[in-house]
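Me: Hi! I'm new to reading protein structures. Could you walk me through this one?

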Amino acid sequence: MTEPLLDILARYRQAMLALDADALADLYAPDAVHEFPFRFPGFPARYEGREAVRAGYQAAWAATPARPTEVTETAVHRSTDPEVLVVEQTVRGEITGGHGEFAIAGLLVMRVRDGLIVHARDYMDGLAATGGRADR
């Protein structure tokens with residue numbers, strides 16, 4: 001695994017924890033695709049393009065009381081494809097208003113080319129943070 005992939009992963013995690021959709025979107029190629037195999041009701045199954053990533057995450061973070069406070073990497077897997085990074089992780093956080101905490105295991109598969117994310121597949125049941133369950 002090359003250092004640029006680990007740098008992108010670290011910056012991705014920082015943007016997520018800061019709920020910074022601009023910093024997150026800046027990690028993506030203009031024509032990138034970000035997919036969510038476990039869908040959230042009312043949200044698309046994928047974002048197509050950097051600006052869709054930006055707008056989508058701004059809307060998603062505004063719509064949920066779940067606030068991540070920590071991302072723990074369980075494992076980072078090397079791929080035979082030098083552009084691909086596979087990360088097992090747990091996102092922990094709080095529900096605003098004193099409504100509890102959450103811990104959600106997930107899998108993130110990223111393809112990075114020329115220093116930008118060109119494709120991401122995010123396997124995480126985000127609704128579990130609020131007691132719901134994502135559509136499968």
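Predicted model: local features only at pLDDT ≥ 70, side-chain atom pairs only at ≥ 80, totals over all residues.

Me: Great. In what order do the strands of the sheet come?

Reply: The order is 2-1-6-5-4-3. That is six strands in an open sheet, and the pairing is mixed.

Me: Which strands stand at the edges, and why does that matter for their neighbours?

Reply: Strand 2 (46–48) and strand 3 (66–77) are the edge strands. Each has a single partner strand, so one side of each is left without a neighbour in the sheet.

Me: And by how much are neighbouring strands turned against each other?

Reply: On average by 25°, with direction ignored.

Me: Back to the pairing. What holds strands together in a sheet?

Reply: In a sheet, strands pair through backbone hydrogen bonds, and this can be parallel or antiparallel.

Me: Okay, so do strand 1 and strand 6 run parallel or antiparallel?

Reply: Strand 1 and strand 6 run parallel, joined by four bridges. If you want a spot to look at, H34 stands opposite A120 in strand 6.

Me: What about strand 5 and strand 6?

Reply: Those two pair in the antiparallel sense over eight bridges. You can find V109 there, with R121 in strand 6 as its bridge partner.

Me: How many residues sit between strand 5 and strand 6?

Reply: Two, and the strands form a hairpin around them. In the turn, D114 has a positive phi of about 55°.

Me: Changing topic: which strands does helix 1 lie across?

Reply: Helix 1 (residues 3–18) lies across strand 1 (28–35), strand 3, strand 4, strand 5 and strand 6 (116–124). It runs at about 160° to strand 3.

Me: And how far does helix 3 reach?

Reply: From its first C-alpha to its last, helix 3 (residues 50–63) reaches 20 Å. That is close to the 20 Å expected for its 14 residues at 1.5 Å a residue.

Me: Which residues of helix 3 are buried, and what covers them?

Reply: The buried ones are V53, R54, G56, Y57, A60 and W61. Their cover includes helix 1, helix 2 (21–25), strand 1, strand 2, strand 3 and strand 6.

Me: Now the rings. How many aromatic pairs are there?

Reply: The structure holds five. In one of them, the rings of F36 and Y47 have centres 5.2 Å apart and planes at 80°, so that pair is edge-to-face. F36 is in the loop between strand 1 and strand 2, while Y47 is in strand 2, 11 residues apart. Both F36 and Y47 are buried.

Me: What about Y47 and Y57?

Reply: They also form an aromatic pair, edge-to-face, at 5.7 Å centre to centre with 65° between the planes. Y47 lies in strand 2 and Y57 in helix 3, so the pair ties together parts that are 10 residues apart in sequence. Ring pairs link F36, Y47, Y57 and W61 into a cluster.

Me: Last one: is A103 buried or exposed?

Reply: A103, which sits in strand 5 (residues 101–113), counts as exposed because its relative accessibility is 52% and the cut-off for exposed is over 50%. Leaving aside neighbours within four places in sequence, A103 is in contact with T90, V91 and R92.

Definitions and conventions. Residues numbered from 1 in each chain as written. Heavy atoms only, no water. Buried < 20%, exposed > 50% of the residue type's maximum accessible area, 1.4 Å probe, protein only. Contact = heavy atoms within 4.5 Å. Pairing = 2+ DSSP bridges. Axes fitted to C-alpha atoms, helices over the stretch in contact; angles between N-to-C directions. Expected span 1.5 Å × (residues − 1). Phe/Tyr/Trp six-rings, centres within 6.5 Å; stacked < 30°, edge-to-face > 60°.
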